[in-house]
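Subject: Handover of a structure for your review

Dear colleague,

Please find below the sequence and structure that I am handing over to you. I would be grateful if you would read the notes that follow alongside them.

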Amino acid sequence: MTKRKKIQDADLERVIGNLLRYGVLTASVIVLAGGIVYLVRHGGEAPEYRQFKGEPDIMRSPGPMWHAILGGRGRPLIAFGLLVLIATPIARILCSIVGYLLEKDWLYTVITAIVLLVILWNF
Amino acid sequence: MTILGFTIILFVAAVVAGLLGSLTGLGGGVVIIPLLTLVFKVDIHYAIGTSLISVIATSSGAAAAYVREGITNIRLGMFLELATTAGAIAGAWLATYLPTSVIAILFGVVLIISAGLSFAKRADPVTTGTPGELSVKLRLNSTMPTAQGPKPYFVKNILGGFFMMNIAGVISGLLGIGSGALKVIAMDNVMRIPFKVSTTTSNFMIGVTAAASVGIYLNRGYIDPGLSMPVMLGVLGGAFVGSKLLSTAKTESLKILFALVILLLAAEMIYNGVNHHI
C-alpha cells in the first residue's frame with residue numbers, strides 16, 4: 001500500500017513539475033511575443049503610469065482580449081500570456097486534487113478544493 | 001523617456017532583482033515596487049500588480065525545480081493555504097480602500113521586518129518524541145530525504161502557524177509581495193520543521209497565495225501588460241541565472257548587502273508615504 005502510494009506520489013510530482021515548467025515557458029513566450037508587438041507599435045511614445053486609471057476591458061476579459069489580439073495588438077497578447085501564467089499555479093492545485101482523489105485522501109481533496117474555489121471565486 | 005527605453009531599464013532592473021532574489025531568498029518583488037514608485041513615479045497600484053505577477057512567475061519557476069526532490073510538504077502547504085488565501089483576499093480588498101500613502105508606509109515597515117527576519121536564528125526541528133494529536137489527524141508529519149535516507153519530522157504549534165500564515169496572507173494580498181520570509185519563520189520557528197522543508201513549502205505556498213489575490217487585482221485593473229512584460233521576463237531570467245550560480249555565490253555577504261539595500265528602500269518608502277509623495 002505504501003509502495004503504491006510512493007509511486008503515485010512520484011508520478012504526480014513529475015506531472016506537476018512539468019506542468020509548472022511548461023506553463024511558465026509558454027506564458028513567457030506569449031508575453032515576449034506580445035511585448036515585441038507592443039514595442040514595435042508603441043516604443044516611441046511616452047509611458048503614462050503616474051496616475052492610476054485602471055486597465056480597459058481588452059486587457060482583462062478574455063472575449064474583448066481575443067478580439068484585440070486578432071486585430072494585431074500587443075498588450076492584449078501580453079495580457080493573455082499573463083493569464084496563462086496565472087493559470088499555472090491554479091492548474092497545479094487541480095493536479096493535487098486529482099492526486100488526492102486517486103489516493104482516496106478525502107480530507108485533503110476537500111481542503112485543496114476549498115482553496116481552489118476561494119481562488120476561482122475572485123475572478 | 002520613451003516606452004522602449006523605460007521597458008529596457010525595467011527589464012534590466014528586474015533581472016538584477018530576480019538574480020539577487022534567488023541568491024539571497026529575499027524575493028525580487030520587494031525591489032520592484034520601490035523601483036517603480038520611487039524612481040519612475042508609477043502609481044503604487046500598478047506597482048503592486050506588477051510585483052504580484054513577478055511573484056507568481058518566480059514561484060512557479062522555482063517550484064518546478066523543487067517539486068521533484070520530494071522535500072516540499074504539500075499537505076502542510078495546502079492546509080496552511082486555507083489561512084493564507086483567506087488573508088490574501090482580505091488584504092487585496094484592503095488595498096483597494098486604503099490611501100496609497102498608507103500602503104507605502106506599511107510596505108516600508110514590512111520590508112524592514114522581512115529583512116530582519118531573514119537573519120533570524122533557525123530553530124532546531126523536532127524529530128523525536130510523540131507527535132501532537134492534531135498533526136497526526138491532519139497527516140502533516142512527514143519525512144524529508146537526506147543523504148542517510150528519509151528522516152522523519154513532526155509539525156508543532158499548528159494553530160500558531162495557521163494564525164501567522166493568515167497574517168502573511170494579508171500582507172501578501174495588500175502589498176503584492178510573497179511574504180516568503182514571514183512564511184519561513186512561521187514554519188521554521190513556530191512549527192519547528194526542518195529549514196529546507198520550510199523554504200520549499202513556503203515557495204510552493206507563495207504561488208498559491210498570489211493566485212488568490214490576483215483575481216481581485218485583475219478585476220480592479222491593477223495589472224498592466226506594459227509593466228508586467230519586462231518585469232516578468234526579467235525576473236524569470238535573473239532567477240534562472242541565479243539558480244545556476246547558487247553553488248558558487250557567497251550568499252551570506254549577498255544577503256547582508258541586499259538587506260542593506262532593502263532597508264534603504266524601506267526608509268524611502270516610509271518617508272515618501274509620510275509626506276504623501278506616493
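This is a predicted model: local features need pLDDT of at least 70, side-chain atom pairs count only at pLDDT 80 or more; totals for chains, interfaces and linings use all residues.

For chain B, the average pLDDT is 84, and 95% of the residues score at least 70.

Chain A

Chain A is built from four helices and zero strands, so that its elements, taken from the N terminus, read α-α-α-α. Its C-alpha trace spans about 65 × 25 × 25 Å along the principal axes. The radius of gyration of chain A is 19 Å, whereas a compact globule of 123 residues would have a value near 14 Å. Buried residues account for 35% of the 123 residues of chain A. Of the contacts in chain A between residues at least 6 apart in sequence, 62% join residues at least 24 apart.

Chain B

Chain B contains 11 helices and two strands, and the pattern along its sequence is α-α-α-α-α-α-β-β-α-α-α-α-α. The globule rule gives 19 Å for 278 residues, and chain B has a radius of gyration of 18 Å, which is close to that figure; chain B is therefore as compact as a globular protein of that length. Along its principal axes, the C-alpha trace of chain B spans about 60 × 40 × 30 Å. Of the 278 residues in chain B, 58% are buried. Among contacts in chain B with a separation of 6 or more, 82% are between residues 24 or more positions apart.

Where the chains meet

The two chains touch through 49 residues of chain A and 49 residues of chain B. On the side of chain A that touches chain B, helix 1 (2-42), helix 3 (74-102) and helix 4 (106-121) of chain A each supply at least two residues. Helix 1 of chain A gives the most to this side, with 16 residues. By residue type, this side of chain A divides into 27 nonpolar, 14 polar and eight charged residues.

Helices 8 and 9 of chain B

Helix 8 of chain B covers residues 180-190 and is mostly covered, with 10 of its 11 residues buried. Among the buried residues are Leu182(B), Val184(B), Ile185(B) and Met187(B), and also the charged residues Lys183(B) and Asp188(B). The cover over the buried residues of helix 8 of chain B includes helix 5 (100-117), helix 7 (158-175) and helix 9 of chain B. Just after helix 8 of chain B, Arg192(B) has a positive phi of about 60°.

Helix 9 of chain B is also mostly covered, as 21 of its 25 residues are buried. This helix runs over residues 195-219; at 1.5 Å a residue it should span 36 Å, and its end C-alpha atoms are 37 Å apart, which agrees. Just after helix 9 of chain B, Gly221(B) takes a positive phi of about 75°.

With kind regards

Methods:
Residues are numbered from 1 along each chain as its sequence is written. Chains are lettered from A and ligands numbered from 1 in the order in which they are written. The expected span of a helix is 1.5 Å times one less than its number of residues. A residue is buried if 20 or more other C-beta atoms lie within 10 Å of its own, exposed if 12 or fewer, and partly exposed in between; C-beta atoms are placed from the backbone. Two residues are in contact if their C-beta atoms, placed from the backbone, lie within 7 Å. pLDDT is the predictor's confidence in each residue, from 0 to 100. The radius of gyration is taken over C-alpha atoms; the globule rule is 2.2 Å times the number of residues to the power 0.38.
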